[in-house]
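Reader: Hi, could you walk me through this structure? I am new to this, so please take it slowly.
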Amino acid sequence: MGKKSRARVAAAGTRKDPGRRVAEGKKADRAEKDKKVGAHAHPEWAPHLNSASEDLTAKLFTLVEVILGVVPLVVIGLFLASKDATSVDKLTEVFSQEPSMVVTFISACLQPFVAYMLYMVYRKYCEGDAGFVAGNLISLLCSEILLLNIPGVIGMGILLWRVWRNVAPHFESWLFERRAMGVLADIAGSLVILALAFMCATAARGLAGM
């Protein structure tokens with residue numbers, strides 16, 4: 001009873017502030033602000049995630065992330081099987097004899113980072129950050145093309161096609177709102193992967209011409 005009485009007094013006000021009231025609207029606003037939404041997200045642009053179409057989009061993102069995440073393990077397994085490299089020392093010897101395999105291995109090791117970027121992209125997609133989504137997916141698609149990673153190219157193409165109808169109407173607004181430096185900041189992670197992919201592609205071309 002004592003706790004309830006104190007609660008009623010607090011809600012009704014005090015002698016110094018007799019008009020005090022519990023503002024339910026402010027509580028709701030505070031709850032909304034507590035949600036971890038990006039500074040440049042637009043919730044009004046966010047897709048209706050409870051639809052069957054968006055549920056399929058979420059599953060496709062997860063599937064592509066898993067596939068890209070296991071690429072290094074698959075490549076290492078193929079190296080071990082094809083070259084009879086049953087130990088790390090033997091694998092190192094194979095790499096020293098065939099430098100092109102080192103480039104292939106580095107390219108494969110980039111795929112988990114691409115998968116992590118996809119995880120971030122989908123979070124921004126749910127928040128309505130259309131420009132972040134489109135810019136990073138385009139950059140990641142270019143990276144997969146440079147790395148000649150067929151599963152990655154197909155996966156990025158499908159994801160970009162799935163989300164484009166929702167992000168395309170707001171892509172131009174993102175460009176004008178964020179300006180050049182803001183756009184670069186949004187896609188910085190994908191640009192790093194793109195730069196590494198370009199280096200791998202250049203190295204592979206140089207080794208092929210030797």
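Reader: Which residues lie nearest the centre of the largest pocket, and how many residues line it?
Author: Please keep in mind that this is a predicted model. In it, the largest pocket is lined by 20 residues, and those nearest its centre are Ser 107, Leu 146, Leu 147, Leu 148 and Ala 204.

Reader: Ok, and which elements give two or more residues to that lining?
Author: The elements that do so are helix 3 (52-82), helix 5 (99-109), helix 7 (130-147) and helix 9 (188-208). Helix 9 provides the largest share of the lining, namely eight residues.

Reader: How much space is in there, and what classes of residue make up the lining?
Author: The largest pocket holds about 420 Å³ of space. Its lining consists of 13 nonpolar residues, six polar ones and one charged one.

Reader: Switching to helix packing, at what angle do helix 7 and helix 8 pack?
Author: Helix 7 and helix 8, the latter covering residues 150-186, pack at an angle of about 120°, and their axes are 3 Å apart. That angle is why helix 7 counts as oblique to helix 8. The crossing of these two helices is left-handed, and the residues of their contact divide into 18 nonpolar, six polar and two charged.

Reader: And how do helix 7 and helix 9 cross?
Author: The axes of helix 7 and helix 9 cross at roughly 15° and come within 8 Å. Angles under 35 degrees count as roughly parallel, and helix 7 and helix 9 are therefore roughly parallel to each other. Their crossing is left-handed.

Reader: What about helix 6 and helix 8, what is the angle there?
Author: Helix 6, which is made of residues 111-127, crosses helix 8 at roughly 15°, with the two axes coming within 13 Å. That makes helix 6 roughly parallel to helix 8, and helix 6 passes helix 8 in a left-handed crossing.

Reader: New topic: which residues does UniProt list as "transmembrane region"?
Author: The unreviewed UniProt entry lists residues 60-81, 101-122, 134-161 and 181-204 under that name.

Reader: For residues 101-122, how far apart are the end C-alpha atoms?
Author: The end C-alpha atoms of residues 101-122 lie 32 Å apart, and this span is 95% helix and 0% strand in the model.

Reader: And how far apart are they for residues 134-161?
Author: For residues 134-161, the end C-alpha atoms lie 10 Å apart, while the span is 93% helix and 0% strand.

How values were computed: Residues are numbered from 1 along each chain as its sequence is written. This is a predicted model: local features need pLDDT of at least 70, side-chain atom pairs count only at pLDDT 80 or more; totals for chains, interfaces and linings use all residues. Side-chain values use heavy atoms; hydrogens and water are left out. On a 1 Å grid over the protein atoms alone, a cavity is a set of points where a 1.4 Å probe fits but cannot get out, and a pocket is an open set with protein on both sides within 12 Å along at least five of seven lines; lining residues have an atom within 4 Å of a point. Grid points are joined across faces, edges and corners, and a volume is the space filled by probe spheres set on the points. Helices (H or I, at least four residues) and strands (E, at least two) are DSSP runs, numbered from the N terminus. Ala, Val, Leu, Ile, Met, Phe, Trp, Tyr, Cys and Pro count as nonpolar, Asp, Glu, Lys and Arg as charged, and the others, Gly among them, as polar. Axes are lines fitted to C-alpha atoms, for helices over the stretch in contact, and angles run from 0 to 180 degrees between N-to-C directions. Angles under 35 degrees count as roughly parallel, over 145 as roughly antiparallel, 65 to 115 as roughly perpendicular and the rest as oblique. A crossing is left-handed if the near helix is turned anticlockwise from the far one by less than a right angle, and right-handed if clockwise. UniProt positions are given in the numbering used here, feature names are shortened, and annotations may be inferred rather than shown by experiment.
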